[in-house]
Amino acid sequence: MGDRLTLPEWNALASQADDTVPLLETALLIARDEYPDLDADLYDTLVQSHAEHLRHEISTIEPWPLKMAAINRYLFDELGYTGNHDEYYDPRNSYLNQVFERRLGNPVSLAMVQMEVAHRLGVPLDGVSFPGHFLVRLPVDDGLLVMDPFNGGRPLGVDELRERAKPHLGGDMPDDAALLHILNPASPRAILVRTLRNLHGVYAEREEWDRAARSADRVLKLTPDQPEALRDRGLAYLKMDYKAGAQRDLARYLHLSPEAKDAPDLREQLVELNAVRTSRMH
């Protein structure tokens with residue numbers, strides 16, 4: 001038996017450098033919130049078995065793109081990992097244990113599976129926090145190979161990337177420099193925060209406020225004082241009638257983002273909260 005996979009402690013993650021935050025372990029830590037009996041070793045072993053199945057084939061192939069094509073073929077065609085097009089907002093798409101079990105995920109979780117297998121085979125695959133859909137990138141001789149994990153790892157040409165980015169840039173078509181900037185690698189911390197923000201969005205939409213608050217709270221464990229997460233947790237606390245927590249978070253958000261678009265509305269809510277708390281004290 002090898003070493004058991006040890007999941008990190010939530011309170012230890014904030015002090016770690018972005019690139020040293022363990023991606024698989026922290027993704028499973030996020031999943032353990034919802035699935036407390038989760039066996040992390042099981043999924044670590046599964047990823048390793050995916051990699052071992054490919055190891056000999058990958059060792060006989062030279063350029064990165066051909067290695068990557070073999071990884072994609074195995075994961076998406078043979079094993080059947082696929083984007084959940086029918087139920088895109090199912091929270092299970094963001095929990096990595098469920099992605100491994102069901103072979104269904106969203107762009108971020110499928111990218112994590114791809115990256116984890118690729119890294120164990122020495123293939124330098126990075127995630128890309130692309131606007132809209134998360135993507136992956138691989139260095140090649142003449143630049144970058146960008147792929148869409150939600151659609152079987154399909155390669156994306158530069159024109160399609162520009163078109164995909166355009167609606168998120170106020171309708172402007174990005175030039176080469178802007179596109180390259182968007183295609184910068186995402187750190188493990190950024191990938192995990194995106195996962196948690198997706199979960200927060202799903203739970204807020206469903207009005208599952210305890211889970212929405214938890215998702216925002218976990219973002220704050222990774223990036224303390226992240227303004228949007230403070231606001232999101234504060235508003236969820238408000239829905240849960242946890243007024244002291246809501247007051248604390250919303251006041252901190254307004255201190256950090258005094259010019260935010262929603263600042264005037266939130267100031268009004270804070271005034272009301274303070275008035276209620278003051279009247280209760282008298």
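**Figure 1. Welcome to the residues around the largest cavity.** In this predicted model, the largest cavity is lined by Ile30, Asp33, Tyr95, Leu196, Leu199, Arg214, Ser215 and Arg218. Helix α9 makes the largest contribution, with 3 residues.

Figure 2. Sorted by class, the residues of the lining are 4 nonpolar, 1 polar and 3 charged.

**Figure 3. Helices α2 and α3 packed together.** Two packed helices are described by the angle between their axes and the distance between the axes. For helix α2 (residues 40-59) and helix α3 (residues 64-78), the angle is about 140 degrees and the axes lie 10 Å apart. That angle makes α2 oblique to α3, since roughly antiparallel would call for an angle over 145 degrees. Follow α2 as it passes α3 and you will find a right-handed crossing.

**Figure 4. A closer look at the residues where α2 meets α3.** On the α2 side, the residues in this contact are His50, His53, Leu54, Glu57 and Ile58. Their partners in α3 are Lys67, Ala70, Ile71, Arg73, Tyr74, Leu75 and Glu78. By class, this contact between α2 and α3 brings together 6 nonpolar, 2 polar and 4 charged residues.

Definitions and conventions:
Residues numbered from 1 in each chain as written. Predicted model: local features only at pLDDT ≥ 70, side-chain atom pairs only at ≥ 80, totals over all residues. Heavy atoms only, no water. Axes fitted to C-alpha atoms, helices over the stretch in contact; angles between N-to-C directions. Helix = DSSP H or I, 4+ residues; strand = E, 2+ residues; numbered from the N terminus. Parallel < 35°, antiparallel > 145°, perpendicular 65-115°, else oblique. Left-handed = near helix turned anticlockwise from the far one by under 90°. Contact = heavy atoms within 4.5 Å. Nonpolar A, V, L, I, M, F, W, Y, C, P; charged D, E, K, R; others polar. 1 Å grid on protein atoms, 1.4 Å probe; cavity = no way out; pocket = protein on both sides within 12 Å on 5 of 7 lines; lining within 4 Å.
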